[in-house]
Amino acid sequence: MDTDLIYRYFPDLSPEQKERFAALGPLYADWNAKINVISRKDTGHLYERHVLHSLAIARVCRFDAGARVLDVGTGGGFPGIPLAILFPEARFTLADSIGKKILVASSVAGELGLENVRAVQVRAEAVGERFDYVVSRAVTALPTLCGWVWNKIDRGRRGTLPDGMLCLKGGDLTEEIAAAGKKAEVFDISGFFEGEFFETKKVVYLPK
């Protein structure tokens with residue numbers, strides 16, 4: 001079972017969480033046949049390259065009950081939906097400017113019964129609310145992302161780290177982080193999960 005990969009690294013899941021993670025494979029296979037939200041070459045690697053990759057953020061910061069989390073450029077729901085399954089007491093807003101992607105994210109969340117998720121079609125800079133954390137996966141360069149959402153993050157601590165941004169990125173980020181002009185901490189995902197896919201992948205944390 002592909003889901004064994006998730007259970008291996010997150011052994012304390014409830015039966016409901018296991019059921020929801022198990023449902024992701026068939027749901028995304030069905031939706032991807034209609035609306036291409038996951039690269040065709042990745043469809044057989046959903047649990048490694050999308051679900052587990054998203055959950056790397058949880059290895060860096062665990063969200064408290066009531067924490068408000070914005071997923072910018074969520075696409076079909078990554079990293080927001082796997083994180084929402086893992087943290088059912090936190091509240092997730094999944095934002096993307098492309099309607100068909102939000103249709104997929106919203107439908108998957110609905111079919112899983114994730115009441116802590118809402119998906120909205122909106123450009124990141126137009127989101128009018130405040131959040132404790134912003135998460136993203138390979139959406140845009142950090143300086144641009146900070147320009148969109150930095151002023152929407154409250155100061156405080158609604159998780160194991162102070163409020164801020166947690167971004168899934170890859171490769172050499174030295175120049176990008178310097179250009180963002182923010183304090184940043186970089187975590188190698190290869191230290192959390194085994195596999196060639198994760199060797200160059202990172203979580204970049206920018207505290208508010």
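Predicted model: local features only at pLDDT ≥ 70, side-chain atom pairs only at ≥ 80, totals over all residues.
A crossing of two helices is called left-handed if the near helix is turned anticlockwise from the far one by less than a right angle, and right-handed if clockwise.

Residues are numbered from 1 along each chain as its sequence is written, and side-chain values use heavy atoms, with hydrogens and water left out.

Helix packing, then. Two packed helices are described by the angle between their axes and the distance between the axes. Here axes are lines fitted to C-alpha atoms, for helices over the stretch in contact, and angles run from 0 to 180 degrees between N-to-C directions.

Take helix 2, residues 15-34, with helix 5, residues 99-112: their axes come within 10 Å and cross at roughly 140 degrees. The two are therefore oblique to each other; on this scale, under 35 degrees is roughly parallel, over 145 roughly antiparallel, 65 to 115 roughly perpendicular, and the rest oblique. The crossing of helix 2 and helix 5 is right-handed. On the helix 2 side, the residues in contact (heavy atoms within 4.5 Å) are Arg 20, Ala 23, Leu 24, Leu 27, Tyr 28 and Trp 31, and they meet Leu 103, Val 104, Ser 107, Val 108, Glu 111 and Leu 112 of helix 5. By class, that contact has nine nonpolar, one polar and two charged residues. For the classes, Ala, Val, Leu, Ile, Met, Phe, Trp, Tyr, Cys and Pro count as nonpolar, Asp, Glu, Lys and Arg as charged, and the others, Gly among them, as polar.

Helix 2 also packs with helix 3, residues 46-60, at an angle of about 130 degrees and with the axes 11 Å apart. This pair is therefore oblique, and the crossing is right-handed. Helix 2 contributes Phe 21, Ala 22, Ala 23, Leu 24, Gly 25 and Tyr 28, and helix 3 contributes Leu 46, Tyr 47, Val 51 and Leu 55. The classes are nine nonpolar, one polar and no charged residues.

Seven strands form an open sheet in the order 3-2-1-4-5-7-6, with mixed pairing; two strands pair if DSSP finds at least two bridges between them. Strand 3 (117-121) and strand 6 (185-188) are the edges, each pairing on one side only. Neighbouring strands are turned by 20 degrees against each other on average, direction ignored.

Strand 1, residues 68-72, runs parallel to strand 2 and is joined to it by five bridges; Asp 71 has Leu 94 as its bridge partner. Strand 2, residues 91-96, has five of its six residues buried, that is, under 20% relative accessible area, where over 50% is exposed and in between is partly exposed (1.4 Å probe, protein chains only). At the other end, four bridges join strand 6 to strand 7, residues 201-207, in antiparallel fashion. Helix 5 lies across strand 2 and strand 3, at about 170 degrees to strand 3.

Finally, two backbone details. Phe 78 and Pro 79 are joined by a cis peptide bond, omega about 10 degrees. Ala 138 has a positive phi of about 50 degrees although it is not a glycine, and at 62% relative accessibility it counts as exposed.
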